[in-house]
Amino acid sequence: MSQYEGEAGPALGNGVVPPLPSAAPPAGFAMPQPAPATRNTKPPPWTTWGYGTQGVHAISVWTERVPGRGEDAEPLVAFHLRTRKGLIGVFDGSGGSGSSPAWQAPDGTQRTGAWVGSRVARLAMDCWFQATTETGDPADPDYLKNHLDFFHEQVPQRRSKIAGRMRRQLPTTLAAVEYHLTPDLVVEGRALWAGDSRAYLLDPESGLQVLTRDHTEESDALELLRSDPPMTNVVCADRDFFVDEHPFEFALPCVLMAATDGFFGYVHTPADFENTLLSTLRRAGSEAEWADLIRAEVESYTADDASLCLVALGYKDFEHLRSRFGARQEFIADFCRKGRPTGADPAHTVRTWQDATWHDYRPGYEAYLPAPGEEQA
């Protein structure tokens with residue numbers, strides 16, 4: 001997690017995008033210092049890490065379905081100590097519309113537009129957070145889009161010979177939570193997104209609650225598990241797009257999270273994703289262990305790359321966090337187990353069970369779901 005400390009370099013006004021960063025961080029900014037991570041010795045098909053200090057506990061999970069071919073960028077987790085502002089974000093390169101080669105590494109490895117796009121978006125958001133934190137400019141979606149557009153312009157484009165309505169240059173989803181801890185024990189902020197990656201609140205009483213609405217024609221979470229509708233808006237370099245926002249204000253303590261569809265798109269019912277999070281939390285003894293347990297669990301069921309980042313705010317230590325979710329974990333485990341079909345049950349039995357569980361789970365899950373709005377692009 002980047003722990004930005006002190007004053008940065010020259011202030012940048014709203015609408016002004018910073019130059020491409022050098023290898024060194026800006027003056028006064030610390031290099032990322034995550035807690036000990038679990039990491040393969042070879043270029044890894046997955047990485048996990050956890051970080052904890054009083055009041056701020058964070059984890060990050062990133063895993064590739066096909067080693068070396070993953071199109072999710074590693075999650076972004078940053079916290080500015082002096083201003084108590086933070087950011088979490090995930091980026092899922094859209095492999096269908098961005099499958100053409102876009103870049104070649106020095107060793108000859110070919111990378112797709114989706115691979116490049118997710119990493120360009122991550123870099124742009126990191127620089128946007130630094131700029132808004134140091135200047136005090138509003139961390140609004142228009143300023144973020146300025147950064148995304150600027151960094152797209154810096155990337156040499158290899159134009160595909162394959163044309164089509166669905167083809168995109170550097171396409172990626174984006175889901176992030178920008179937040180500020182106030183002196184009166186409140187967290188204020190906004191969810192920011194483009195595409196079908198999601199941001200969430202995880203609450204000990206109400207469970208998992210979505211803060212974003214997928215940019216697809218269908219928005220029902222259960223129906224999205226049963227179908228795969230195309231996205232109506234993604235970050236890309238060659239067509240107009242928009243970054244949506246949903247402001248919020250929550251009392252501390254609370255847990256904020258962002259995840260790509262590799263986590264929530266391959267479960268049997270939306271409640272299963274919450275059960276994955278809380279069943280692994282129950283077994284974990286630290287932030288890093290929780291991240292690794294989540295990684296192992298998602299790899300057991302997903303058919304896609306998967307990335308997730310989470311920050312728990314206002315908990316004095318990891319045990320405090322885990323204990324607060326104990327009752328909810330027991331509830332959601334029983335809820336997901338009750339009447340659950342087996343592999344031998346017919347499809348209509350499975351569908352009936354899904355419909356019933358979703359009917360009961362949906363009101364809490366959608367408590368903060370943004371209202372449908374007119375698409376801006």
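Which side chain makes a polar contact with the side chain of arginine 295? I looked this up and found the side chain of aspartate 292, at 3.0 Å. I take a polar contact as a pair of N or O atoms within 3.5 Å; within protein, one must be able to donate a hydrogen and the other to accept it, and residues adjacent in sequence count only if both atoms are side-chain atoms.

I note that this is a predicted model, in which local features need pLDDT of at least 70, side-chain atom pairs count only at pLDDT 80 or more, and totals for chains, interfaces and linings use all residues. Residues are numbered from 1 along each chain as its sequence is written, and side-chain values use heavy atoms, with hydrogens and water left out.

**Arginine 295.** I placed this residue in helix H6 (residues 287-299); helices are DSSP runs of H or I with at least four residues, strands are runs of E with at least two, and both are numbered from the N terminus. Arginine 295 is buried at a relative accessible area of 12%, where buried means under 20%, exposed over 50% and partly exposed in between (1.4 Å probe, protein chains only). Beyond neighbours within four places in sequence, I found arginine 295 in contact (heavy atoms within 4.5 Å) with Trp46, Thr48, Val61 and Thr63.

**Alanine 306.** I located alanine 306 in strand S15 (residues 306-313), buried with a relative accessible area of 0%. Not counting residues up to four places away in sequence, alanine 306 touches residues including Val61, Thr63, Phe263 and Val298. Alanine 306 and phenylalanine 263 are 43 residues apart in sequence, yet 5.8 Å apart from C-alpha to C-alpha.
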